[in-house]
Every structure is written in C-alpha cells, then in structure tokens.
Amino acid sequence: SVKELILEKGPKNDIQKTLVIGYYLEHFENITPFNADDIEKGFRLAKEALPLNINDRVNSNINAGYIMEHSEKKNSRKAWLLTATGERFVESGFKK
C-alpha cells in the first residue's frame with residue numbers, strides 16, 4: 001500500500017512524501033501521468049496530513065529534477081510523471 005511504501009522509504013517532509021506517492025502511483029497503480037487529485041488521494045489513503053498546497057510540493061520536486069510536467073493534461077488539470085532521477089532518488093531512500 002502507499003502507507004507501507006511511505007513507512008519503508010521514510011520521507012523527511014511533504015516534498016519527499018509527494019514524490020513517494022507519485023512513485024507509488026506510477027509503479028504500483030499504473031497511473032501515469034498523475035495529477036494533484038491523484039496525489040491528494042494518495043495522502044488520504046496513507047492517512048497522512050494533506051499539504052496546504054500540493055502543486056507547490058510538486059513544483060519543488062520539478063525544480064529538483066525529480067518530477068516533470070506531462071505534455072497533456074489529465075481531467076483538465078496539469079499532469080506529471082517521475083523522471084528517472086526521481087525514481088532513483090526514491091529507490092535509494094533519498095540518498096543523492
């Protein structure tokens with residue numbers, strides 16, 4: 001489950017939790033691209049407090065090179081996918 005993955009990877013903040021949820025969506029739910037609604041659902045399923053601004057957390061991951069914007073929207077909203085760098089960052093337990 002998404003909760004188990006968060007517990008296993010041990011993200012230190014909402015930015016890293018957002019990345020783990022994106023990873024979960026792509027690798028375990030086959031949801032790609034994903035949007036803010038998908039991320040919010042992941043936080044709720046994991047029983048984690050929702051960040052005040054999910055888009056801001058995603059943008060922090062975009063700036064770090066871990067997530068990129070998809071060329072098409074999903075349900076009329078911006079959509080994203082993980083970069084290979086983002087996947088490796090999650091898989092390494094957030095070690096650069």
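In which handedness of crossing does H1 pass H2? In this predicted model, the crossing of H1 past H2 is right-handed.

## Helices H1 and H2

Helix H1 spans residues 2-9. Its axis and that of H2 come within 10 Å and cross at roughly 125 degrees. An angle from 65 to 115 degrees would count as roughly perpendicular; H1 and H2 are therefore oblique to each other.

On the H1 side, the contact is made by Val 2, Leu 5, Ile 6 and Lys 9. On the H2 side, Val 20, Ile 21, Tyr 23, Tyr 24 and Phe 28 take part. By residue class, this contact of H1 with H2 divides into eight nonpolar residues, no polar residues and one charged residue.

## Helices H2 and H3

Helix H2 covers residues 14-28 and helix H3 covers residues 36-45. The two pack at an angle of about 105 degrees, and their axes are 9 Å apart. This angle makes H2 roughly perpendicular to H3, since the class of roughly perpendicular runs from 65 to 115 degrees.

H2 contributes Asp 14, Lys 17, Thr 18, Ile 21, Gly 22 and Leu 25 to the contact, while H3 contributes Asp 38, Ile 39, Gly 42 and Phe 43. These residues divide into four nonpolar, three polar and three charged.

## The loop between H2 and H3

Two residues of this loop are described here. Glu 29 lies in the loop between H2 and H3 and, at 40% relative accessibility, counts as partly exposed. The side chain of Glu 29 makes a polar contact of 2.8 Å with the side chain of Tyr 24. From C-alpha to C-alpha, Glu 29 and Ser 1 are 9.8 Å apart in space, although 28 residues separate them in sequence.

Asn 35 is likewise placed in the loop between H2 and H3. Its relative accessible area is 1%, so Asn 35 is buried, the limit for that class being under 20%. The side chain of Asn 35 reaches the backbone oxygen of Lys 74 at 3.2 Å. Apart from neighbours within four places in sequence, Asn 35 is in contact with Lys 74, Asn 75, Arg 77, Lys 78, Ala 79 and Trp 80.

Terms used: Residues are numbered from 1 along each chain as its sequence is written. This is a predicted model: local features need pLDDT of at least 70, side-chain atom pairs count only at pLDDT 80 or more; totals for chains, interfaces and linings use all residues. Side-chain values use heavy atoms; hydrogens and water are left out. Axes are lines fitted to C-alpha atoms, for helices over the stretch in contact, and angles run from 0 to 180 degrees between N-to-C directions. Helices (H or I, at least four residues) and strands (E, at least two) are DSSP runs, numbered from the N terminus. Angles under 35 degrees count as roughly parallel, over 145 as roughly antiparallel, 65 to 115 as roughly perpendicular and the rest as oblique. Contact means heavy atoms within 4.5 Å. Ala, Val, Leu, Ile, Met, Phe, Trp, Tyr, Cys and Pro count as nonpolar, Asp, Glu, Lys and Arg as charged, and the others, Gly among them, as polar. A crossing is left-handed if the near helix is turned anticlockwise from the far one by less than a right angle, and right-handed if clockwise. Buried means under 20% relative accessible area, exposed over 50%, partly exposed in between (1.4 Å probe, protein chains only). A polar contact is a pair of N or O atoms within 3.5 Å; within protein, one must be able to donate a hydrogen and the other to accept it, and residues adjacent in sequence count only if both atoms are side-chain atoms.
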